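I opened this entry to keep a record of what I looked up in the model, going from the whole chain to single residues.

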Amino acid sequence: MKKIEAIIKPFKLDEVREALSEIGVSGLTVTEVKGFGRQKGHTELYRGAEYVVDFLPKIKLEVVVTTDLLETAIEAIIKAARTGKIGDGKIFVTSIEQVIRIRTGETDESAI
C-alpha cells in the first residue's frame, strides 16, 4: 500500500476528486495549507499599501491506494491538477505498513 500526498491549487480540487473517483479511489483527506516553492509568493495592494504574501493557499490531498493502483492514481492527479503554470504543486509517495479500520477492525487492503 502507498500513501499519495498531493499539494495542488485550491481551484483544482473538484477536478482531482472526480478524476480519482473515476478510477475507483473511494476516500481521501483534504487539508487547506499554505506554503511556497519556486512560486515564492507575490505582492498585493491593500488600501493603498503594498505588502508581500509569502505563503500561498494550497490544498493537500492524502490518499492511500493499493500498489497496483498507484501509477493510475498519480496520472489522474497530474492530468486533473496541471495548469502548465508555476505553482501547480507536487506529489509525494510513501509506503504504508499497516491500515486498521477502527469501526470494524479490518486491516490492510480491506480497510482502505
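What percentage of the 112 residues in the protein chain is buried? I found that buried residues make up 29% of them, where buried means under 20% relative accessible area, exposed over 50% and partly exposed in between, with a 1.4 Å probe and protein chains only.

Before going further I noted that this is a predicted model, in which local features need pLDDT of at least 70 and side-chain atom pairs count only at pLDDT 80 or more, while totals for chains, interfaces and linings use all residues. I also noted that residues are numbered from 1 along each chain as its sequence is written, and that side-chain values use heavy atoms, with hydrogens and water left out.

**Overall fold and surface**

I looked up the secondary structure and found two helices and six strands, following the pattern β-α-β-β-β-β-α-β along the sequence; helices (H or I, at least four residues) and strands (E, at least two) are DSSP runs, numbered from the N terminus.

I then checked the radius of gyration, which is 17 Å for the protein chain, whereas a compact globule of 112 residues would have one near 13 Å; the radius is taken over C-alpha atoms, and the globule rule is 2.2 Å times the number of residues to the power 0.38. The C-alpha trace spans about 60 × 30 × 20 Å along its principal axes.

For contacts, meaning heavy atoms within 4.5 Å, I recorded that 72% of those with a separation of 6 or more join residues 24 or more positions apart. The accessible surface comes to about 7800 Å², with 50% belonging to carbon and sulfur atoms, by the Shrake-Rupley method with a 1.4 Å probe.

Leaving aside neighbours within four places in sequence, I found Val16 in contact with Ile8, Leu61, Ile77, Ala80 and Ala81.

**Single residues**

I looked up Val64 in strand 5, which counts as partly exposed because its relative accessible area is 28%. Not counting residues up to four places away in sequence, Val64 touches Lys2, Lys3, Ile96, Val99 and Ile112, while its C-alpha atom is separated by 16 Å from that of Lys90, 26 residues apart along the chain.

The C-alpha atoms of Arg38 and Ile59, 21 residues apart along the chain, are separated by 17 Å.

My last entry is Asp108, in the segment after strand 6 (90-95), which has a positive phi of about 55° although it is not a glycine. With a relative accessible area of 31%, Asp108 is partly exposed.
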